[in-house]
Amino acid sequence: MIPLNYYLVISAILFALGVLGVLIRRNPLIIFMSVELMLNAANLAFVAFSRAFNVLNGQIFVFFVMTVAAAEVAVGLALIVVIFRTKHSIDVDQMSALKG
Amino acid sequence: MLLSEVSNSGFFSLVPLIVFFPAIGLLINIIFGGWMKEKAIGWLASAASGLAFVVSVLLGYSLLEQPEGMVVPFADWINIGSLHIPWQFRVDTLSVTMMLVVSGVGTLIHIYAIGYMHEDVRFKDDLKRYRRFFVFFNLFIVMMMILVSGDSYLMLFVGWEGVGLCSFLLIGFWYDKDTLGRPSFANAEAAKKAFVVNRIGDFGFILAALTMFWAFGSLQFGDVFGKAAEVAHVMPGVIIAITLFMLIGVTGKSAQLPLFVWLPDAMAGPTPVSALIHAATMVTAGVYLVARSAPLYTLVPQAQYIVALVGAVTALFAATIAVGQYDIKKVLAYSTISQLGFMVAAVGMGAFAAGMFHLVTHAFFKALLFLSAGSVILGLERGHHHLSHHEEKHDEVFDPGDMRNMGGLRKQMPVTFWVYLVGALALAGIFPLAGFWSKDEILADAQLHYPVVYILLTVAAFFTAFYMGRQVWMVFFGKTRHEAAGHAEESPKVITVPLMILAFLAIFGGVLNLPGLHTLTSWLEHTIAGVEAGKFDFLVAGLSTLLALIAIYLSWLLYGRKPLAEDQLDPLKKMLGPLFTGMERKWFVDEIYWAVFVDRYVDLARFLANVIDGRFWHDWFHDKLIAGTYNWLSHVALNKIIDTRGIDAFFNGLGELTKRASASLRRLQNGFVRSYALAVLFGVVVILGYLLIR
């Protein structure tokens, strides 16, 4: 039996990787993927806790998260398509119309 | 008996009509005069005055039976605290005498004026002026009636000011011309002079009235005279003050020294005005005032003496000036001043009946003289008009009043000549004309009481006869000295008939108060207590008549025997030299007044206007001090310092602060999505860190 801490460490590493991805990369597709990574890192933590404490709440939460993530990706991709149509680019650094 | 009593008191209650008839006349002329013919306007005004005369006669008739007279209340007037002055008329022998003179002589002069002003219309061609003249004339009668019929000093003052106003209006009747009809302000200046000089006198009157109110608490004749003896006992100085202040009023209105200067200039008005206002009636108001205030004057002999002296000195002073005048009306004007001096001296001496007697006879013969002079002037104007039609001599300035332009008018204007002669002899005091009786009564009284006054008046009477002789010789005898006089024509009936009536009165006016009978004295005795009947003194009368005859003889020697030729100097001028120049120039009184008072007054006014008002008040106080301070306050203090540097700076600073803050804040919003994400991360870390550490 692998101890809970291992799962949590992996989950934290994955989350950190996701955060770095979001902050560093300029391609929105990769940013989305990094966001997925963070969500799944959270999912991993949920599942690990669920298993460790023998409650199903965490597992149910994971289902919700996956559903929301799917919806989010759908909306995000739609936005990216629209942005590409108007700007012929999907570089997030160029999306600065709201600059102060 | 009962009926007569009713009718008697009925006549007394008619007294307001003496004011209302002329008032109605003037109102009709004001309102409807525009639609009326020239003749109608004149006759209406004359009728209004004539009706007042009829009422006066009725009042006089009632007085015969009830000589103590009556006070007729008419309306409430002033009711303030303890001051009650009703508007009521006083009918007594004194006031009715004045009413009869004013309305009687006034009516004759109204009728005369119909003819006289007709010529004015013809030459000056303005019917509106004709109407205005008669409106003023009726207004004058109204005011004069208020003056003589009032029962209080205040009512008297209303009339006093009213006649002053009429005098002003009528002197300045041809306000845009001078006496020769040229465009000028000379007549308006003369009117102004009369008005201003009269104001000085009126100021004295007001002081007298105020002092009287202070001392007596009333201005009603009855109250004042009733308490007079009592007040005189307690504070005699007050009565002296009142009477002397009143004397100032008298010198103004009755043209006595030192305020007589306005009357000669008043001759700028039309001749009927000179006759009515400046000879017969208004100028005698002062004499009436003294006679009316007899109960006050008799209490203070000192004041009486001063009044008598003022009158006597004026009589002589003006008589000497009259000798040196060339203008026919100016001679008469100075003669009027002189004769008023006689009257003032008489009432000053306490010879009230003699003064009033001379007032009445003087009204007759001086009105006669002025009106005849007017007739002469008209005659000459007609002659001149006639000339300028034939020869083209329009530019020549012709003075129809200058006696040097006359001469030999006896033949051209016989009626005028004869009535003028009557007037002149009456004025000179030749037996048995009116002037003889009244003047000698004054002289006899003076001889009894005040020798100085007697001597002054006798010398004045000598001069009077002399200047009248000179005038008659110069005007009516000898050869004509100007072509206009040669073409002079007699005046129409409307002018000569009033002259004849007045001449009749001037001849027989003495009957009023013949020595021994003393009709007028006993008539006035009912009003003025203790009037002593003058004693007829043969010595006095003989001396004055002798002097008058000598004076006339002298004037014949100088002006009659060898008539003045054209452009010849006055023979007296050769004999008297500078003395005559003095008479001619009125002893330089006007010049002295100008130098001493008027110029100084103008200087003072200039000083007040330029320095006090202009430089100090306007330039410094208003512009510099008030406006400057205000400007500084608003511009510098409020605007620049408080507003700009304070309030504006504060709010601008707020705005600037907001701008700066937002400008530095906007740098955060750099548009890089990733930096936003980083901020979110930091936020989350901070929040989580906080939660953990807590």
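Helices, counted as H or I runs of at least four residues, and strands, counted as E runs of at least two, are DSSP runs numbered from the N terminus. The legends below describe a predicted model.

**Figure 1. Overall make-up of chain B.** By this assignment, chain B has 28 helices and 2 strands. Its radius of gyration is 37 Å, whereas the globule rule gives 26 Å for 694 residues, so chain B is more spread out than a compact globule. Taken along the principal axes, the box filled by the C-alpha atoms of chain B is roughly 150 × 70 × 55 Å. Of the 694 residues in chain B, 51% are buried. Among the contacts in chain B between residues at least 6 apart in sequence, 81% join residues that are at least 24 apart.

**Figure 2. The hairpin of chain B.** Strand β1 (residues 70-80) of chain B pairs with strand β2 (residues 83-91) of chain B in the antiparallel sense, and the pairing runs over 8 bridges. Within this pair, B:Met70 stands opposite B:Val91, which belongs to β2(B). The two strands β1(B) and β2(B) form a hairpin with 2 residues between them, and in the turn B:Gly81 has a positive phi of about 55°.

**Figure 3. Two cis peptide bonds in loops of chain B.** As background to this view and to the next, most peptide bonds are trans, and most residues other than glycine have a negative phi. The bond from B:Leu257 to B:Pro258 is cis, with omega near 0°, and B:Pro258 is placed in the loop between α9 (236-253) and α10 (262-265) of chain B. A cis peptide bond also joins B:Phe431 and B:Pro432, where omega is about 0°. B:Pro432 lies in the loop that runs between α18 (414-428) and α19 (434-449) of chain B.

**Figure 4. Positive phi at two residues of chain A.** Although A:Asn54 is not a glycine, its phi is positive, at about 60°, and the residue is found in the loop between α2 (28-53) and α3 (57-87) of chain A. A:Asn54 has 6 C-beta neighbours inside 10 Å, and therefore counts as exposed, since a residue is exposed if 12 or fewer other C-beta atoms lie within 10 Å of its own. A:His88, likewise not a glycine, has a positive phi of about 55° and lies in the segment after α3 of chain A. With 8 other C-beta atoms within 10 Å, A:His88 is exposed.

**Figure 5. Where chain B touches chain A.** In this view, 10 residues of chain B are in contact with 10 residues of chain A. On the side of chain B that touches chain A, the largest share, 5 residues, comes from helix α28 (residues 673-693) of chain B. By residue type, that side of chain B divides into 5 nonpolar, 3 polar and 2 charged residues.

**Figure 6. Packing of α1(A) with α28(B).** Helix α1 (residues 4-24) of chain A packs with α28(B) at an angle of about 145°, and their axes are 8 Å apart. From α1(A), the contact is made by A:Val19, A:Val22 and A:Leu23, while α28(B) contributes B:Arg674, B:Ala677, B:Leu678 and B:Leu681. The residues of this contact between α1(A) and α28(B) divide into 6 nonpolar, no polar and 1 charged.

Note on methods:
Residues are numbered from 1 along each chain as its sequence is written. Chains are lettered from A and ligands numbered from 1 in the order in which they are written. This is a predicted model: local features need pLDDT of at least 70, side-chain atom pairs count only at pLDDT 80 or more; totals for chains, interfaces and linings use all residues. Two residues are in contact if their C-beta atoms, placed from the backbone, lie within 7 Å. Ala, Val, Leu, Ile, Met, Phe, Trp, Tyr, Cys and Pro count as nonpolar, Asp, Glu, Lys and Arg as charged, and the others, Gly among them, as polar. Two strands pair if DSSP finds at least two bridges between them. The radius of gyration is taken over C-alpha atoms; the globule rule is 2.2 Å times the number of residues to the power 0.38. A residue is buried if 20 or more other C-beta atoms lie within 10 Å of its own, exposed if 12 or fewer, and partly exposed in between; C-beta atoms are placed from the backbone. Axes are lines fitted to C-alpha atoms, for helices over the stretch in contact, and angles run from 0 to 180 degrees between N-to-C directions.
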